[in-house]
Amino acid sequence: MKVGGSVRVPGDKSITHRVLLLAALARGSSSISGALTSLDARSTARVLRQLGASVSSLKQGSTTTVEGKGKFQKPERILDCGNSGTTTRLLLGLLAAHRFPATLTGDSSLRRRPMRRVTEPLSRMGAQFTEQNGDGLPLTIRGGSLESLRYQMPVSSAQIKSALLLAGMAGQVEVALHEPHGKSRDHTERLLQAFGYHVADADGWIQFRPVGRLEPFQIRVPGDPSSAAFLVGAAVLAEAGELRIAEVGVNPTRIGFLAVLERMGARVPVENRLTEFGEPVGDLVASPSRLKSTEVAATEIPGLIDEIPLLAVLASQAEGVTTFREVGELRVKESDRLGLIAANLREVGGHAEVQGEDLVIEGREFRPHGSVRTAGDHRLAMSFGVLQTLPGAEIDIDDMECSAVSFPGFPETLRSIGRTAPGLLR
């Protein structure tokens with residue numbers, strides 16, 4: 001495939017969730033342009049409407065208006081979070097400071113995902129939880145007056161960290177958190193700082209003090225680097241050309257995959273840099289590269305956790321053995337992502353295996369041929385969609401439609417960059 005042109009990817013998923021939640025708690029009208037319109041983002045908008053906020057429709061190319069009332073109202077029905085773990089866990093943090101019960105559920109995939117990693121520290125702060133099926137959903141939270149928290153997190157996780165910081169904000173209490181293995185994405189910290197809250201790193205601890213105030217705001221959401229990664233991957237595997245992906249968020253805690261790609265031999269420069277609402281933005285420029293193997297250390301994983309499926313697919317085409325260290329967290333994503341990456345790579349002709357908590361891939365040139373089972377996991381579908389662009393590849397992906405969870409129109413965008421035509425606009 002020859003690539004070319006300039007494309008934009010959908011708005012950043014992490015930032016979209018967070019600004020919707022904050023806008024719903026601010027008293028007054030906020031405007032959000034460039035928001036992600038995916039199924040996950042719509043789940044957040046839907047539950048916020050149930051909690052009393054007015055949220056206009058999330059439509060591509062339009063501005064979303066959120067009318068917040070300064071606090072949530074007791075929902076009349078169960079809050080269905082769809083497939084979105086971010087919606088669920090961050091919302092639990094905010095609900096912890098509200099004096100009413102609320103029950104949260106989701107689809108079959110989300111109901112299996114662990115929630116005690118959030119509910120246990122929130123319980124220490126004063127929230128009460130009732131589980132219906134053990135460590136997962138559905139569960140009921142009853143919030144109230146919260147106490148300050150000093151907590152060593154069991155894993156480096158932006159969702160856990162954000163839930164606890166947002167609980168501190170909503171409950172007006174101090175929070176101190178320590179992440180064990182590297183720093184996870186820091187969008188919540190940047191947004192809270194933009195509203196005047198004290199958020200700082202001190203001796204490895206994130207220190208939060210509730211000295212700010214939520215006010216209505218206007219923001220343009222940058223393109224999602226995790227979505228851009230798939231187009232970068234397609235360009236790296238291409239036979240010729242150059243692809244520009246415009247106005248992508250390049251937050252340092254989100255672009256660890258670019259450092260790994262550089263070690264593998266693919267240089268992806270960032271051009272036209274600027275800063276919007278505390279978030280760095282720029283254009284990614286990608287072109288074909290001959291790849292070599294690398295080792296991805298455990299300390300790097302929090303900054304590229306969502307890009308591991310794509311990096312694994314690229315590693316299958318690199319010379320040598322690539323190892324991803326301590327990636328067991330992938331077992332509790334939208335699927336057993338770790339096991340499925342290895343199994344699907346083997347199914348299409350690659351060499352991959354899980355060794356304890358590590359993922360090991362032996363790269364070589366081969367024509368991918370076979371069937372891929374996604375288990376409804378959007379990142380698996382898109383990663384193998386990238387592998388499908390190789391000359392002679394014949395891959396049957398069982399559910400490409402699930403890519404709409406984070407990247408609406410992904411198949412069309414992928415096809416467009418191979419025709420040197422402009423892709424979908426945000």
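Keep in mind that the model is predicted. Let's start with R254, which sits in a loop, then move to K13 in helix α1, and finish with the cavities and a sheet of four strands.

**R254, a loop residue**

- You'll find R254 in the loop that links β16 (243–249) to α9 (256–263).
- Is R254 buried or exposed? Its relative accessibility is 1%, and anything under 20% counts as buried, so R254 is buried.
- Look at what surrounds R254 once you skip its neighbours within four places in sequence: it is in contact with D12, S14, R185, H187, D224, P225, S226, G303 and E307.
- One of those contacts, G303, is 49 residues away along the chain, yet the C-alpha atoms of R254 and G303 are separated by 5.4 Å.
- The side chain of R254 also has polar contacts: one goes to the side chain of D12 at 2.8 Å, and another goes to the side chain of H187, also listed at 2.8 Å.

**K13, a helix residue**

- K13 belongs to helix α1, which covers residues 13–25.
- With a relative accessible area of 9%, K13 is buried, because the cut-off for that label is under 20%.
- Leaving out its neighbours within four places in sequence, K13 is in contact with L36, D40, T86, D224, R379, V405 and S406.

**Cavities**

- How many cavities of 30 Å³ or more turn up in a search of the whole structure? There are two.
- The second largest cavity holds about 40 Å³ of space.
- Its lining is made up of I15, L191, I219, R220, P222, E276, F277 and E279.
- Sort the lining of this second largest cavity by class and you get five nonpolar residues, three charged ones and no polar ones.

**A sheet of four strands**

- Strands of a sheet pair through backbone hydrogen bonds, and they can do this in a parallel or an antiparallel way.
- Here, four strands form an open sheet in the order β6-β7-β9-β8, and the pairing is mixed.
- Strands β7 (residues 101–105) and β9 (residues 139–142) pair in the antiparallel sense, over four bridges.
- To see one of the bridges yourself, find T103, whose bridge partner in β9 is T140.

Note on methods:
Residues are numbered from 1 along each chain as its sequence is written. This is a predicted model: local features need pLDDT of at least 70, side-chain atom pairs count only at pLDDT 80 or more; totals for chains, interfaces and linings use all residues. Side-chain values use heavy atoms; hydrogens and water are left out. Helices (H or I, at least four residues) and strands (E, at least two) are DSSP runs, numbered from the N terminus. Buried means under 20% relative accessible area, exposed over 50%, partly exposed in between (1.4 Å probe, protein chains only). Contact means heavy atoms within 4.5 Å. A polar contact is a pair of N or O atoms within 3.5 Å; within protein, one must be able to donate a hydrogen and the other to accept it, and residues adjacent in sequence count only if both atoms are side-chain atoms. On a 1 Å grid over the protein atoms alone, a cavity is a set of points where a 1.4 Å probe fits but cannot get out, and a pocket is an open set with protein on both sides within 12 Å along at least five of seven lines; lining residues have an atom within 4 Å of a point. Grid points are joined across faces, edges and corners, and a volume is the space filled by probe spheres set on the points. Ala, Val, Leu, Ile, Met, Phe, Trp, Tyr, Cys and Pro count as nonpolar, Asp, Glu, Lys and Arg as charged, and the others, Gly among them, as polar. Two strands pair if DSSP finds at least two bridges between them.
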